[in-house]
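Thank you for making time this morning.

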Protein chains: 2
Amino acid sequence: MVVMSSRVRLARNLQGAPFPGWAKKTDRQRALEVIMGAAVALPEMQGCLSRSMDSFTVLEKQLLVEKHLISREHAAKNVGSGVAINKAKTISLMINEEDHLRMQALLPGFCLGEVWETIDRVDSGLESKLDYAYSPKLGYLTACPTNVGTGIRASAMLHLPALVIAEQINQVIQAVNKLGLAVRGLYGEGTEASGNLFQVSNQTTLGEREQDLIERLRKVINQIIEHELNARQTLIEKRPHMIYDQVGRAYGVLTNACIQTSKEAMNLISMLRLGLDLDLIRGLNHGLIDELFLTTQPAHLQKRSHQKLTAEQRDVRRASLLRERLKDVQRPKLLAPGFPPAEDAADEGKTDIA
Amino acid sequence: MVVMSSRVRLARNLQGAPFPGWAKKTDRQRALEVIMGAAVALPEMQGCLSRSMDSFTVLEKQLLVEKHLISREHAAKNVGSGVAINKAKTISLMINEEDHLRMQALLPGFCLGEVWETIDRVDSGLESKLDYAYSPKLGYLTACPTNVGTGIRASAMLHLPALVIAEQINQVIQAVNKLGLAVRGLYGEGTEASGNLFQVSNQTTLGEREQDLIERLRKVINQIIEHELNARQTLIEKRPHMIYDQVGRAYGVLTNACIQTSKEAMNLISMLRLGLDLDLIRGLNHGLIDELFLTTQPAHLQKRSHQKLTAEQRDVRRASLLRERLKDVQRPKLLAPGFPPAEDAADEGKTDIA
């Protein structure tokens, strides 16, 4: 319910080749060819998409960013950089981003072990063909020293609406930071939290085995989940009207508005997801709600319309898409035990003046 | 569609008796007895409610204010002041408010002629029994010089959402003021406009026949109506998404929120009324919507609950009442010609990356 997706990425570089940021065009081209050649030969990457970054339109790149298949930095790359994405879109290899190779596995749900194993297999397959830059003392060498060692970043995307509503989120973020983990917004480093979605990841890559690091991250995330669930329980017990109100309004606006900014939509979808988790809404499931977080993003809306859209046009299309996708969702349960009944007892008597 | 209700009130005083603000208790008592005696004997007031103001609870008084049957000033009165209200609650006589007698006729819709004739009959009936303070030169004498002469205030309650949305309302108010008419909020002098409701009334009472004054007011109101209808037409042509959005959101929030402040409810009910006038909503009528403007007021909510309620409790009851009363209203029409279709053409093709 709380964890939307899990991801592990590894940073690797080729021995003896300059890092992409320092490399000449021909160096980058060669690294791209070598790595891409090895990548497409992997059994995990059979039938994959493999493209040079200059072959994408701006919109296509933005689609990949919204799907978390490439970084915003990689979307700015062109000739000399490339990407390979497996058929299931669970494995993505960015070539000549900040490092020669950034590979990730991404799956819905809370499955850090599984994504680690997936990307570890890909990494082993590539290591048998490529000559990685590796120091026996430091481990894998990377363009930025913060990635040296294991080159790993493991993360999970968490939906934490109750901690935000209860104003406990900053406390939680501070506590998580003290444990050496980072909390970021929807699109990673330097992005804002939107729709109450937070990415929690490791900060350090040196001096700890990958499995230990993932196990540590998993434990902290479990604690955050517990805090979120406690906050939900407290809210529903102490401020039920407020929660029912927020969920009801989210449903009411999403199913009836004709203009929806991205920011408002994210927050309302978040409230609807909370309503689903709290069993206040029928006719809805996590697949649909999590799809809406994605398909209401700007590039997805434009792909759907087969045209470039202004922000105003997107707001109209976004509202239209949301109404359409949510049309079978039933109204939230609004009356629970202990609520004032909708219709009070007879309206007569007591005074004769009204 | 635009005019919610029409009202005419007349101010009268007894010859030789001090005005209520200057009168001793016994003087006020005598004036109350004399006028009440004459009032209840009128055929128009057969079976009326006639009460001394000290016999009402605070809540009962507030109910009468919300129904526009007494003024807020009169609600503060006690022993020595009274009220007589006919069975249909279309005629109300306030005794010992600012003047000895303030009588009004109030009817839904745009019917200034009818309310004038009604209250004129009541006034003639009373004048045949009471000795009014009258000056051949000035006309009827009143406690405040602004009412001297005819003692009349004719007014209509107008619903002007399009002029507010189009930001033309201040222009209209200024123009109306220049014509010697006043524009006020929901509860008259010194109150704010709420729910886009505005009371338009005459300012002067001297030097003009009642029928002429009413005819002049009627013409100005007809011009305001025309401006409002033009503004609606322009909005629906030039900014259709915005109008559909506002109406859709009003419906969505009113039918799903669990907490509703009075201010928000008034504004949303106003948008729903606009949607009804623009034929965007089915299963709704003016009777219901205008009832909601009234029954969501604080005293009406408390009467319905048979108990005193805090502001927070009222907000919950208000939301509950609105959901209940609007449960059979159909979703607003959201797609009109020229609108982007909810579902675009096939979602496939063009790129193979998404």
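This is a predicted model: local features need pLDDT of at least 70, side-chain atom pairs count only at pLDDT 80 or more; totals for chains, interfaces and linings use all residues.

A crossing of two helices is called left-handed if the near helix is turned anticlockwise from the far one by less than a right angle, and right-handed if it is turned clockwise. The ipTM is 0.86 and the pTM is 0.88, while chain A has a mean pLDDT of 91, with 92% of its residues at 70 or more. There is one stretch of chain A, residues 336–354, over which the pLDDT falls below 50, although in the model this stretch still has 43 contacts beyond its near neighbours in sequence.

Back, then, to the helices of chain B. Two packed helices are described by the angle between their axes and the distance between the axes. For α9(B) and α10(B), the latter being residues 286–295, the angle is about 165 degrees and the axes lie 10 Å apart. Angles over 145 degrees count as roughly antiparallel, and α9(B) and α10(B) are therefore roughly antiparallel to each other. On the α9(B) side the residues that meet α10(B) are B:M266, B:I269, B:S270, B:L272, B:R273, B:L276 and B:D277, and they face B:H286, B:I289, B:D290, B:L292 and B:F293 of α10(B). By class, this contact between α9(B) and α10(B) comprises 7 nonpolar, 2 polar and 3 charged residues.

Helix α9(B), residues 262–277, also packs against helix α8(B), residues 240–254, and here the angle is about 125 degrees, with the axes 8 Å apart. At that angle α8(B) and α9(B) are therefore oblique to each other, and α8(B) passes α9(B) in a left-handed crossing. From α8(B) the contact draws on B:I243, B:Q246, B:V247, B:A250, B:Y251, B:V253 and B:L254, and from α9(B) on B:E264, B:L268, B:I269, B:M271, B:L272, B:L274 and B:G275. Of the residues in this contact of α8(B) with α9(B), 11 are nonpolar, 2 polar and 1 charged.

Now for the sheet in chain B, which is open and has 8 strands in the order β2-β3-β4-β5-β1-β8-β10-β9, with antiparallel pairing. Which strands stand at its edges? They are β2 (49–52) and β9 (181–184) of chain B, and each has a single partner strand, so one side of each is left without a neighbour in the sheet. Neighbouring strands of this sheet are turned against each other by 15 degrees on average, direction ignored. To take one pairing in detail, β8(B), residues 152–159, is joined to β10(B), residues 197–202, by 5 bridges, and the two strands run antiparallel; within it, B:M157 has B:Q199 of β10(B) as its bridge partner.

Two helices of chain B lie across strands of that chain. Helix α1(B), residues 25–40, lies across β2, β3, β4 and β5, running at about 165 degrees to β4(B), whereas helix α7(B), residues 210–238, lies across β1, β8, β9 and β10, running at about 10 degrees to β8(B).

Let me finish with chain A, where 8 strands form an open sheet in the order β2-β3-β4-β5-β1-β8-β10-β9, paired antiparallel. Its edge strands are β2 (49–52) and β9 (181–184) of chain A, each of which pairs on one side only, and the twist from one strand to the next averages 15 degrees. Strand β4(A), residues 91–95, is joined by 5 bridges to the antiparallel strand β5(A), residues 101–108, and A:S92 has A:Q104 as its bridge partner in β5(A).

The last pair is α10(A), residues 286–295, and α12(A), residues 311–325, which pack at about 170 degrees with their axes 11 Å apart, and which are therefore roughly antiparallel to each other. Here A:L288, A:E291, A:L292 and A:T295 of α10(A) meet A:L321, A:L322 and A:R325 of α12(A), a contact of α10(A) with α12(A) that divides into 4 nonpolar, 1 polar and 2 charged residues.

Key: Residues are numbered from 1 along each chain as its sequence is written. Chains are lettered from A and ligands numbered from 1 in the order in which they are written. Side-chain values use heavy atoms; hydrogens and water are left out. pLDDT is the predictor's confidence in each residue, from 0 to 100. Contact means heavy atoms within 4.5 Å. Axes are lines fitted to C-alpha atoms, for helices over the stretch in contact, and angles run from 0 to 180 degrees between N-to-C directions. Helices (H or I, at least four residues) and strands (E, at least two) are DSSP runs, numbered from the N terminus. Angles under 35 degrees count as roughly parallel, over 145 as roughly antiparallel, 65 to 115 as roughly perpendicular and the rest as oblique. Ala, Val, Leu, Ile, Met, Phe, Trp, Tyr, Cys and Pro count as nonpolar, Asp, Glu, Lys and Arg as charged, and the others, Gly among them, as polar. Two strands pair if DSSP finds at least two bridges between them.
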